[in-house]
Amino acid sequence: MSELVGAVLTRPSIDIDEAGSILRREWGFDGTLRPLPSERDRNFAIAIDGVDRYVLKVANGIEDRGFLELQHAAMRLLSVAGVPCQVAVPMMTGAEIVDVGSIDRPSLVRLLTFLPGRPLFTIPPADRPNELLVDIGRVMGRTAAALAGFDHPAAHRSFHWSPERGLKVIAAHAGAVTRPDRRRLLDRWQSRLASLASVLPGLRHAVIHNDGHDHNVLVAEDRRTVSGLLDLGDSVWTVVVNELAIPAAYAALDAVSPLDVIDAVRSGFEEVLPLDDRERAILPELVALRMATSVALSAHQSRLDPDDPYLTASERPAWALLERLIAIPAGGAAAR
């Protein structure tokens, strides 16, 4: 089993009844539960009197308690900085994490607040006003700024969604891409992105959220502002500019003019946290790196769990974006 995506196979098998029992036993109240999608964990929304109030998260079997503690500490910082994020809800004992598994198979559970809004992916690109794209960048800029002075040992990990691992991850899983045209496109991107290996180490580094994709960015009813930023489960110590590249990449999926979308998100980010020239120059390449990593992992993960549509949700538009970006000469997108 690949260590890069083995978490797909070690997701907890807990059902709704068991999750409800844990909620009653550890937090002392009841609610109506429904499952939520996740790549690594098992998540359940909890409604009180018909309104979603909490999310019960059962961590992946390979998850480290220290990493969950990192997430809770980061959430507190983001909340203070005005980033609309979840926060941990203490149990009756005052603790925030409980292990309901066994010695040889831990199962760490926590309860987070529920955030309102609809995921960005549910709003067609043509219906997203420029104000929303700018606000996405602004929220991610506040996120990066709030975490700039934060560090935690658990953040310094080898993680397949870290941009520093991207080229190795693509190479390791490119063989799972079976369509010849897509494999050729991925080969072209591997060659074009190879120079990032020498560039990334010299850029600003910090702990970042690292997962501002269109399922984790929630949009308010006005469709002009961000109402929530979900899931710190991909947090890692890496290049700060990736905090911008990820939401820009997913916001650009299926857009008529992806470079305009990327630039709108960038403008909001730089209102809060200006980039330096080196960071700005490689932004389009980091967008492509994220998409190339995504399609390579999607091809491999779909073999591991072919019945889970969440694992391949962005595959088609990601390939289309890579096809459009490859037509722009290296450096040309940044110049525009």
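Me: Which residue in β9 does V217 stand opposite?
Reply: In this predicted model, V217 stands opposite L229 of β9.

Me: Why are β6 and β9 said to stand at the edges?
Reply: The open sheet has three strands in the order β6-β8-β9, with antiparallel pairing. β6 (118-119) and β9 (226-229) each have a single partner strand, so one side of each has no neighbour in the sheet.

Me: Which helix packs on the sheet, and which strands does the helix touch?
Reply: Helix α3 (residues 130-146) touches β8 and β9. A touch here is a contact, which means heavy atoms within 4.5 Å. The direction of α3 makes about 40 degrees with that of β9.

Me: How do you know that the length of α10 agrees with what a helix should span?
Reply: Helix α10 (residues 315-326) has twelve residues, and at 1.5 Å a residue these should span 16 Å. The expected span takes 1.5 Å times one less than the number of residues. The end C-alpha atoms of α10 are 17 Å apart, which agrees.

Me: Why are residues of α10 such as W319 called buried?
Reply: Buried means under 20% relative accessible area. W319 is buried, as are others in α10, including P317, L322 and I326. In the chain, buried residues make up 56% of the 336 residues.

Methods: Residues are numbered from 1 along each chain as its sequence is written. This is a predicted model: local features need pLDDT of at least 70, side-chain atom pairs count only at pLDDT 80 or more; totals for chains, interfaces and linings use all residues. Side-chain values use heavy atoms; hydrogens and water are left out. Helices (H or I, at least four residues) and strands (E, at least two) are DSSP runs, numbered from the N terminus. Buried means under 20% relative accessible area, exposed over 50%, partly exposed in between (1.4 Å probe, protein chains only). Two strands pair if DSSP finds at least two bridges between them. Axes are lines fitted to C-alpha atoms, for helices over the stretch in contact, and angles run from 0 to 180 degrees between N-to-C directions.
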